[in-house]
Amino acid sequence: MLLGMLMREAPNPVRESIVTSVLGSVFYPAQVALSSLKEYRSVAEENERLKEENARLRQELYHASEGLEELARLHTLVRFDDKWDFPIVTARVVGHNPGRFLTTLVVNRGTYHGVKENMPVFSTKGLVGKVTKSSFAHSRVQLLSDPNLKLSVMERRTRVVGFLESADGHMLSAMVPTHAGVKEGDTLITSGLGGIFPKGIPVGVVKEVRRADLDVMRSLDVAPFQDIPMLEEVFIMQKDPEWVIQELLDE
């Protein structure tokens, strides 16, 4: 009532001031709530934007890290190229065989890049296998773990020659004469016999020496230097089988 009487007697400027004050007091809670809601929405939108930006930056950092690691590997491959007298093709692993054990893989180099069957395949750590089939842009590589691959090897310290194979598609074993005195920790390399693999490519290390069926022989459990499942890039040596040896093997 007092407010009504004051409004009636007061001049227009005072009336407007009173009305403004009253309306401001009445709607202030609503205004505060609306402002808080807008601020909450703004913070939520900014939070979502920051999450997206963080995800994008993490992805870019991951790709950059992968790129640096690949560059380091390729740099090692390029320097490793100088060790051999044959041209080298660098290839990327693009597929594995779907079997229980890893016996073959596919690389992204083929006949277009000069890759042919029976060319040696290796990495900076050691021998991987050989090419068994080539298409225009891809090749299939037979790995040391393939039971169908037989490899002539030499023990580096004793210079004794034996042969290496995988009986189960997983573990590698080699046979050498007993008198050679091969011991655990010795290193096996390619012997150069057979005409496909040049002499001196590291193959693996002797993990255990066991008696064979014949007393004159010893069976060696061999751990390959190259961990095949971790392989991403390989060398393909552009070396054709030596024609004299190949001719004798084909007879």
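How many bridges join β9 to strand β10 (residues 202–211), and in which sense do the two strands run? The legends below, which describe a predicted model, begin with that pairing.

**View 1. Strand β9 and its pairings with β10 and β6.** Three bridges join β9 to strand β10, and the two strands run antiparallel. Within this pairing, isoleucine 189 has proline 202 of β10 as its bridge partner. Strand β9, which spans residues 187–190, also pairs in the antiparallel sense with strand β6 (residues 151–155), here over three bridges, and in that pairing isoleucine 189 of β9 stands opposite methionine 154.

**View 2. The closed barrel of six strands.** The strands of the barrel follow the order β1-β2-β5-β4-β3-β12, and their pairing is antiparallel. From one strand to the next, the twist averages 45°.

View 3. Strand β1 (residues 88–96) and strand β12 (residues 233–237) run antiparallel and are joined by five bridges, with isoleucine 88 standing opposite methionine 237 in β12.

**View 4. The largest pocket and its lining.** The largest pocket holds about 350 Å³ of space, and of the 21 residues that line this pocket, Ser145, His170, Met171, Pro224 and Ile228 are the closest to its centre. Two or more residues of the lining are given by each of the elements β4 (127–134) and β11 (217–224), and β11 supplies the largest share, with four residues. Sorted by class, the lining of the largest pocket consists of 13 nonpolar, four polar and four charged residues.

Methods. Residues numbered from 1 in each chain as written. Predicted model: local features only at pLDDT ≥ 70, side-chain atom pairs only at ≥ 80, totals over all residues. Heavy atoms only, no water. Pairing = 2+ DSSP bridges. Axes fitted to C-alpha atoms, helices over the stretch in contact; angles between N-to-C directions. 1 Å grid on protein atoms, 1.4 Å probe; cavity = no way out; pocket = protein on both sides within 12 Å on 5 of 7 lines; lining within 4 Å. Points joined across faces, edges and corners; volume = space filled by probe spheres on them. Nonpolar A, V, L, I, M, F, W, Y, C, P; charged D, E, K, R; others polar.
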